[in-house]
There are 2 protein chains.
Amino acid sequence: MSAILVVEDDPRIQKALHRQFTTEGFTVHVAGDGAEGLAACKSLRPAAVVLDLMLPGMPGRDVCKAIKSWSPNTPVVVLSAVSEVADKVLLLELGADDYVTKPFSPRELTARLQAAIRRTQRPASGSATAVQVSFGLVAADFSAMEFSRDGVPVALTANEIKLLRYFIEHADKVVTREELLNDVWGYTSYPTTRTVDNQVMKLRQKLEADPARPVHFRTMHGIGYKFVSGT
Amino acid sequence: MSAILVVEDDPRIQKALHRQFTTEGFTVHVAGDGAEGLAACKSLRPAAVVLDLMLPGMPGRDVCKAIKSWSPNTPVVVLSAVSEVADKVLLLELGADDYVTKPFSPRELTARLQAAIRRTQRPASGSATAVQVSFGLVAADFSAMEFSRDGVPVALTANEIKLLRYFIEHADKVVTREELLNDVWGYTSYPTTRTVDNQVMKLRQKLEADPARPVHFRTMHGIGYKFVSGT
DNA sequence: CGGCGATGTAACGAGGCTGTCATTTGTTCT
DNA sequence: AGAACAAATGACAGCCTCGTTACATCGCCG
């Protein structure tokens with residue numbers, strides 16, 4: 001099972017996180033400060049790192065940079081107080097994969113951690129989303145964020161792109177609206193299932209040859225949706 | 001159906017949560033204080049607990065700890081005012097699975113609750129059904145929700161799929177109509193046993209080579225049905 | 001062999017689910 | 001601050017599904 005490295009100085013949080021992740025099935029290692037964390041990261045090769053920004057000695061941001069420079073593929077989730085992340089850009093500069101502000105729910109931290117692990121493990125396991133995909137008359141380039149149907153350029157919004165990517169990553173498998181809400185919309189916003197229908201409709205109208213008779217974005221009545229790339 | 005225990009002293013919130021969860025299909029029990037909540041938790045064995053941190057008498061945090069020490073697998077979602085969880089440590093020490101700050105949206109609470117239930121129940125109940133199954137001329141793929149008989153694709157409805165899955169999970173064993181109604185249809189709806197006959201007939205017509213002479217979905221006269229995968 | 005209960009089958013209607021549009025809300029850019 | 005776009009919500013119609021009912025058939029038992 002995956003190993004998690006927790007870099008945190010507060011013993012109470014250490015204990016709490018240890019219990020939390022252990023019950024989730026992870027192997028947990030704890031480091032009390034930045035130097036110890038770096039050493040543990042190099043020796044343990046954890047599947048992910050949970051890093052508190054407030055650490056004695058070395059600043060958490062330097063720890064994060066060091067980890068990322070040494071093994072860029074190890075996902076790092078940062079714990080921080082609200083005031084510390086007034087600027088989200090800072091975190092991106094650090095190279096952190098995600099961050100959670102206090103107070104946070106255990107579920108949210110675990111979810112973001114697992115999402116981060118999933119993201120970084122995907123390219124390794126080979127099921128990586130190709131940068132360029134084509135199905136039917138549609139050509140998609142997730143690098144340039146350019147999409148076209150039958151050669152005609154189509155503009156997609158951010159949500160539509162995320163939804164399309166999720167569909168492509170789960171091609172030929174049925175996904176429920178709840179799964180879409182959790183994985184595409186995220187666990188912090190809770191729209192209605194109607195919203196999902198609307199976004200799917202938008203994708204159909206923009207990408208399907210005949211939006212009224214969808215070929216790629218199929219409805220599974222009473223279950224959810226399924227994306228099929230077709231021939 | 002799942003039962004939810006609400007530990008909350010404010011009658012207005014009691015009423016609101018009761019209505020909210022009832023419409024979501026849960027059975028709701030309400031406790032007014034911590035002691036009552038603990039007792040109800042032990043006797044009712046709810047699928048999840050919604051716990052207010054501000055309670056008369058016993059502090060909510062102690063109630064949470066008690067619940068978690070008594071049955072660690074019961075998910076607990078904490079309701080709290082913002083100021084009460086200024087320190088993230090408290091929440092983690094409590095062992096709560098998630099938290100929602102007041103004022104909260106009913107949808108968000110429900111979503112987090114269901115997520116918590118799903119997460120704790122998944123490993124327990126075990127998705128023992130293989131993703132792909134074949135028997136006789138039939139091939140079933142429960143991931144893509146695609147089914148075929150003799151190579152010809154067959155469209156199954158949501159209920160038919162659930163029924164088929166239940167049959168496969170209980171292969172070579174006799175199941176009564178009452179068992180099917182309880183496990184496939186659930187405790188919230190009370191159809192006639194003839195409904196079961198109809199759905200079984202649908203499965204036979206769609207999957208059996210000769211629906212009039214069923215091989216896989218056999219009738220056990222006066223008892224129920226039995227699914228045999230055949231050779 | 002005949003009666004009776006249980007089961008197979010088909011048709012109908014209510015209810016739920018989904019597609020779609022219109023409106024409101026939120027966000028970003030100027 | 002205002003405009004423009006995206007996203008979310010609500011409303012409504014159409015369709016599909018499921019549950020019920022009625023009738024035909026089958027199987028058990030005397």
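## Buried or exposed: one residue to start with

A residue is called buried if 20 or more other C-beta atoms lie within 10 Å of its own, exposed if 12 or fewer, and partly exposed in between, with C-beta atoms placed from the backbone. B:I161 has 19 C-beta neighbours inside 10 Å, so B:I161 counts as partly exposed.

Before going on, a word on what you're looking at: this is a predicted model, where local features need pLDDT of at least 70 and side-chain atom pairs count only at pLDDT 80 or more, while totals for chains, interfaces and linings use all residues. Residues are numbered from 1 along each chain as its sequence is written, and chains are lettered from A and ligands numbered from 1 in the order in which they are written.

Back to B:I161, which sits in helix α6 (residues 158–169) of chain B. Helices (H or I, at least four residues) and strands (E, at least two) are DSSP runs, numbered from the N terminus. Setting aside neighbours within four places in sequence, B:I161 is in contact with B:M145 and B:L156; contact means that the C-beta atoms of two residues, placed from the backbone, lie within 7 Å. There's also B:A140, 21 residues apart from B:I161 along the chain, with 9.6 Å between the two C-alpha atoms.

## Chain A at a glance

Chain A holds eight helices and 12 strands. Of the 231 residues in chain A, 32% are buried. Take the contacts in chain A with a separation of 6 or more: 53% of them link residues 24 or more positions apart.

## Two helices that cross

Two packed helices are described by the angle between their axes and the distance between the axes. Here, helix α6 (residues 158–169) and helix α7 (residues 177–185) of chain A pack at about 120°, with axes 10 Å apart. That angle makes α6(A) oblique to α7(A). The axes are lines fitted to C-alpha atoms, for helices over the stretch in contact, and angles run from 0 to 180 degrees between N-to-C directions. Angles under 35 degrees count as roughly parallel, over 145 as roughly antiparallel, 65 to 115 as roughly perpendicular and the rest as oblique.

Who meets whom? A:K162, A:L163 and A:Y166 in α6(A) meet A:L180, A:D183 and A:V184 in α7(A). By class, this contact of α6(A) with α7(A) has four nonpolar, no polar and two charged residues. For the classes, Ala, Val, Leu, Ile, Met, Phe, Trp, Tyr, Cys and Pro count as nonpolar, Asp, Glu, Lys and Arg as charged, and the others, Gly among them, as polar.

## Where the two chains touch

Chain B brings 23 residues into contact with 22 residues of chain A. On the chain B side, the elements giving two or more residues are α4 (88–94), β5 (98–102) and α5 (106–125). The largest share, six residues, comes from α5(B). By class, the chain B side divides into 13 nonpolar, three polar and seven charged residues.

A residue is near a strand if its C-beta atom, placed from the backbone, lies within 6 Å of it. Around DNA strand C there are 22 residues, and A:D197, A:T219, B:D197, B:A212 and B:T219 come nearest. Two or more residues each come from α8 (193–207) of chain A and α8 (193–207) of chain B. This surface divides into eight nonpolar, eight polar and six charged residues.

DNA strand D has 25 residues around it, of which A:T157, A:N159, A:P191, B:T157 and B:N159 come nearest. Here the elements giving two or more residues are α6 and α8 of chain A together with α6 and α8 of chain B. By class, the surface near DNA strand D has six nonpolar, 15 polar and four charged residues.

## Some backbone details

Most residues other than glycine have a negative phi. A:M145 has a positive phi, near 55°. You'll find A:M145 in the loop between β7 (138–141) and β8 of chain A, and A:M145 is exposed because 11 other C-beta atoms lie within 10 Å. Over in chain B, phi of B:R45 is also positive, near 55°. B:R45 belongs to the loop between α2 (34–44) and β3 (48–52) of chain B, and with 11 C-beta neighbours inside 10 Å, B:R45 counts as exposed.

A:E146 lies in strand β8 (residues 146–149) of chain A. With 14 other C-beta atoms within 10 Å, A:E146 is partly exposed. Leaving aside neighbours within four places in sequence, A:E146 is in contact with A:D141 and A:P153. A:L156 is 10 residues apart from A:E146 along the chain, and their C-alpha atoms are separated by 8.2 Å.
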